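Please keep the sequence and the 3D view open as you read.

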Amino acid sequence: MKAGTASSTSSAGRSGRSGSAGNTNRSGSADRANSYQLTYGVVIAGTAAFALLQSLVGPVLPTIQRELHTDQSTVTWVMTAYLLAASIATPILGRIGDMAGKKKIFVLALLLLALGALVSALAPNIGIMIIGRAIQGCGGAILPLSFGILRDELPREKVGTAVGVIAALTAVGAGAGLVLAGPIEDAFGYHWLFWAPMAVVLLAAAAAAKFIPESRNRTPGGVSWLGGVLLAGWLVSLLLGVSEGRAWGWTSGRVLGLFGAAAVLLLLWLVAESRAREPLIDLRMMRQRPVWTANLVALMFGMGLYGTMSFLPAFLQTPTSAGYGLGASVTESGLYCLPMTLAMFVVSMFSARVAASIGSRAAVVLGSLISVLPMIMFGYLNDYVWEILFASTMFGGGMGLVFAALANIIVESVPPTQTGVASGMNANIRTIGGSLGSAVIAVLVASGTTAGSRPKASGYSHGFLFLAAASVVAAAVALLIPRFRNETVVLELSGRHEHAESALVAGAELVD
């Protein structure tokens, strides 16, 4: 009797412990799932705010020019300063995140975005506005940090899908920014293009500090601070010389001095980066033919992407009394640009199949050639709305095809351990191209400025013709990209690819 009781009690105890363990396991799984979802939600919020801030300003550059009493060449620095700061800060903060913890630097990047938005919203003049946008550009490290956090914190099988969704959100957010800029500016004034995203960014920063776990994976090493300083030095000298050449005189001592300083600093930067243990841009990797050709194509297309975002809305908003333009409102100019973003997104979803069937090199050449006609149309065939919509759609399709194929080329060209670095380098060079292209187009457009401070049609025509030439150069360079026997489809969002975070979808950077 006692034995039976004992046996029964023991059995009941085991049953209770087993049930308790089962409940604990289920509870633990639920807690982990909730943690993943919170992390994912916070990353989505931060990425969405970043995407909006990147594109909201483009359609209102004419408004900012008018309200802050400046000229078109100077107001272009509202975009150029952002791109320049992002080119320099993104690899630095990304590297610090790998060493010190991605969560800390992710929160820091969000706070930099918020601070930059605050400075821009309160800016009493164009100089302060440019400083605010430069601070915002430093927050561009959000994207590589986001993908690193997702890779560290989400289950392996969910990483690919999460990365794909974030990438798509970046493209959709950029398109939404173009469309929302007009209604927000009409209802509240352009200052709210900074106030509203700032509120979202601050909420995302608070949520990130509370809910995102700190990275368990740390990478020892250092940061090439000298490389960062020299990179900033030669880029600023070059861009300042280009932007002020018309006003100061191309043969003036100041302009020639800036170009000379840019050349010297570039040389010193190349030497410093080649000797650095942890370079910002790996020049040894750049010597590989697939890598340098893909990066040169990215440079050309960075000019096209950001140059179009900066100047097409201003062109469309020009009153028809000037003899060109559509007299569009800020809202209408954003809607005319929306097909570009949508086409980028849609084409990138199918570009993997195109690359698999004709090869990544052929896809880059095709996308580059497709992008030539839209630039010519923007410059010379722009009297009707349907022409703008058609050209915008074509250009977006060409960019989506090129950016996606470049991702495949990078992944196929370097060892698996270097795909993140190589992809980040490619994206960063595209941003540098954007800053250079915006400065050059500003000079071309301003060269036709009339006495009433309104550019002539020929100024815009020359600017878009420059971008068409950049697409032709990209196609020529793409012919030098070697063929790959076994093309890897990197744009599947199933999470099966080991380096899904290194893909590029719809022009958004997916980097380590």
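The report below covers a helix pair, a salt bridge and a surface patch.

## About the model

This is a predicted model, in which local features need pLDDT of at least 70, side-chain atom pairs count only at pLDDT 80 or more, and totals for chains, interfaces and linings use all residues. Residues are numbered from 1 along each chain as its sequence is written, and side-chain values use heavy atoms, with hydrogens and water left out.

## Two packed helices

Let's begin with H5 (residues 102-122) and H6 (residues 126-138), whose axes are 7 Å apart and meet at an angle of about 170°. Helices here are DSSP runs (H or I, at least four residues), numbered from the N terminus. Axes are lines fitted to C-alpha atoms over the stretch in contact, with angles from 0 to 180 degrees between N-to-C directions. H5 is therefore roughly antiparallel to H6 (a term for angles over 145 degrees).

## A salt bridge

Which side chains meet in a salt bridge? They are those of arginine 95 and glutamate 278, at 3.4 Å, N to O. The term covers a side-chain nitrogen of Lys or Arg within 4 Å of a carboxyl oxygen of Asp or Glu. Arginine 95 lies in helix H4 (residues 77-100) and glutamate 278 in the loop between H11 (253-275) and H12 (283-286), so the pair ties together parts 183 residues apart in sequence.

## Contributors to a nonpolar patch

H16 (372-380) and H17 (385-413) each supply at least two residues of a nonpolar patch. H16 gives the most, with three residues.

Notes. Angles under 35 degrees count as roughly parallel, over 145 as roughly antiparallel, 65 to 115 as roughly perpendicular and the rest as oblique.
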